[in-house]
Each structure stands twice: as C-alpha cells, then as structure tokens.
Amino acid sequence: MKIAILSRNPRLYSTRRLVEAGTARGHEVVVIDTLRAYMNIASHKPQIHYRGRPLENFDAVIPRIGASVTFYGCAVLRQFEMMGVFPLNESVAISRSRDKLRSLQLLSRRGIGLPVTGFAHSPDDIPDLIQMVSGAPLVIKVLEGTQGIGVVLCETEKAAESVIEAFMGLKQNIMVQEYIKEAGGADIRCFVVGDKVIAAMKRQAKPGEFRSNLHRGGSASLIKITPEERMTAIRAAKVMGLSVAGVDILRSNHGPLVMEVNSSPGLEGIETTTGKDVASMIIQYIEKNGGPHLTRTKGKG
C-alpha cells in the first residue's frame, strides 16, 4: 500500500515509528507536512498538491494532526477522504474529539461515565456553577488546552470564583469539573485500535501535582485494567467515531470515568511502558480495514 502520514515533523517519535512499521511491512510510507499541503477544491476532480506536485494514488492516510492545526489539518484530511483515500481516523471524528465540550456531550448522551461537568457564559452564574459540581475542590479546564495546559485545581470556592472570573474576563471558554480525589492524581491511558484496547498504562502525577500528563513530569507504569474499564474505553472511542484513540480514564468510587478521548495519541509513552509494538498494530489495522472509498462519513457532517 501507499500510505501518507500527515505530520508537521518527521522526526517525532510517533511519526518515525509509524514510518518504520509501515516500511517493515512492505508499504511505501510518505510523510507530508500538514501545513504545506494545499487543495484544489473542484467538483469533478478534488486534488491535493504538495511542494508543487499533486498527491496521487494513496491507499490510506494516517492523520497526526496537532491541536494547534486542527482546522487546517481536518480540511486536508477531508480532501483526502473526498479523493477516496482511506483515513485511519476520519476528519469528522477528529474535529468532534478536539471540541472537549461537544465530546463530553456525545459521551454523556450514550451513558458513558464522566466527571460531573458544568459550563456557563455569564459571571452571574458562577456560584451555581460551582455548586453544580459539588463545590470545591474542583477542576477548571480551558476548552482549547492540551497536555495539561490550562487545567487548574481550585482548593476553595473563593479561589474557584476568582479563577473562573479571570478566564471569563479573558473571553476564554472553560468548563468546571468535579475533582475525583480518590483517583489520587492518577489516570489510565487506554490505547484503542479498532474494537480492542491493545495496551494500557497508569500515569501518576509527580508529588504536589494533580495533572498526570507525561509532558508535565508524570510517570507511567504497567497496569491491569478491569473488564468495565476496557469496555468503557472501547465504547468511548466508538461514540467519537475513532478507529485509533487514547482514552483517559479515572478510577472513581462509582466506576470508571472518561476524562478525555484523544484522536492523535502519542506512541512513545505507551510503547516504552508496555513494550508493545503499537505502531505495527496500527499498520495491521489499516491493512485489514483499509480500501478505496471506505470513509464512513465521506467527509460530511
């Protein structure tokens, strides 16, 4: 197969591993800088050009679209879909998962366990918003944040009011969530490929920190997940429409709660921690499920 990887940097661990895995399995793998691809949006023959030439005859595309280029990256991916190229994750599913509020609404509609979450626009509603999530301590999240940036733990209601007012004053969209104390600053990253959790790791925040992201100095270790956690992760990825996803789960007193569904999960942490060849499993999924014009949504919606 001829596989395109949409990635800003071919030297990134995840991009490099996917190239190695694809090449080792006999495929031609081409890394395309997402922001250098440009489109000819014509009804008779949609095209993508790259460095002066049209991109043609690709069988599949693996989107590794960073959060900062979501809009343009999804437009490029949608163009590939219109050309009949099989996407590992579809453009509609990626834009769904990048909108934290929309993704929580979709998950809640399907009855998937979530931390109690509040969302408001007016400063007048702050006191009721805080009570909605059972008061302090609580977590405030900027909707556009990634890797733990824009996530604040407020120990008191007074502090929560001040932080929410400050974010609202800056015209930032934020959501307020209950703090799951019993999780102890840890979450579980379940790596879903197709309808299986192929690997899982526990991420523990460093002392004095509550965000467990590895980018924030958290540590990772092997973990055995429960059947309920496994099912929750698979269902969450399916609700979002993602074939490959990193589903972050908190262990609470009332079962597993989904914190986030990531459409471009990094491979370094999960491969290093579990010793599994996740990149090859992703390529095998494409071999088994890929094919021309197999985009479920056809880039619509």
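**Exercise 1.** Is the crossing of H1 and H9 left-handed or right-handed? Describe the packing of this pair.

*Solution.* The model is a predicted one. Step 1: helix H1 spans residues 13-24 and helix H9 spans residues 278-289. Their axes lie 8 Å apart, at an angle of about 60 degrees. Step 2: angles of 65 to 115 degrees count as roughly perpendicular, and H1 is therefore oblique to H9. Step 3: the crossing of H1 and H9 is right-handed. Step 4: H1 contributes Arg17, Leu18, Ala21 and Gly22 to the contact, while H9 contributes Ala279, Ser280, Ile282 and Ile283. Step 5: five residues of this contact are nonpolar, two are polar and one is charged.

**Exercise 2.** At roughly what angle do the axes of helix H3 and helix H4 cross? Classify the pair and its contact.

*Solution.* Step 1: the axes of H3 (residues 91-98) and H4 (residues 100-109) cross at roughly 100 degrees and come within 5 Å. Step 2: because angles of 65 to 115 degrees count as roughly perpendicular, H3 is roughly perpendicular to H4. Step 3: Arg96, Ser97 and Arg98 of H3 meet Lys100, Arg102, Ser103 and Leu106 of H4. Step 4: the contact of H3 with H4 comprises four charged residues, two polar and one nonpolar.

Conventions. Residues numbered from 1 in each chain as written. Predicted model: local features only at pLDDT ≥ 70, side-chain atom pairs only at ≥ 80, totals over all residues. Heavy atoms only, no water. Axes fitted to C-alpha atoms, helices over the stretch in contact; angles between N-to-C directions. Helix = DSSP H or I, 4+ residues; strand = E, 2+ residues; numbered from the N terminus. Parallel < 35°, antiparallel > 145°, perpendicular 65-115°, else oblique. Left-handed = near helix turned anticlockwise from the far one by under 90°. Contact = heavy atoms within 4.5 Å. Nonpolar A, V, L, I, M, F, W, Y, C, P; charged D, E, K, R; others polar.
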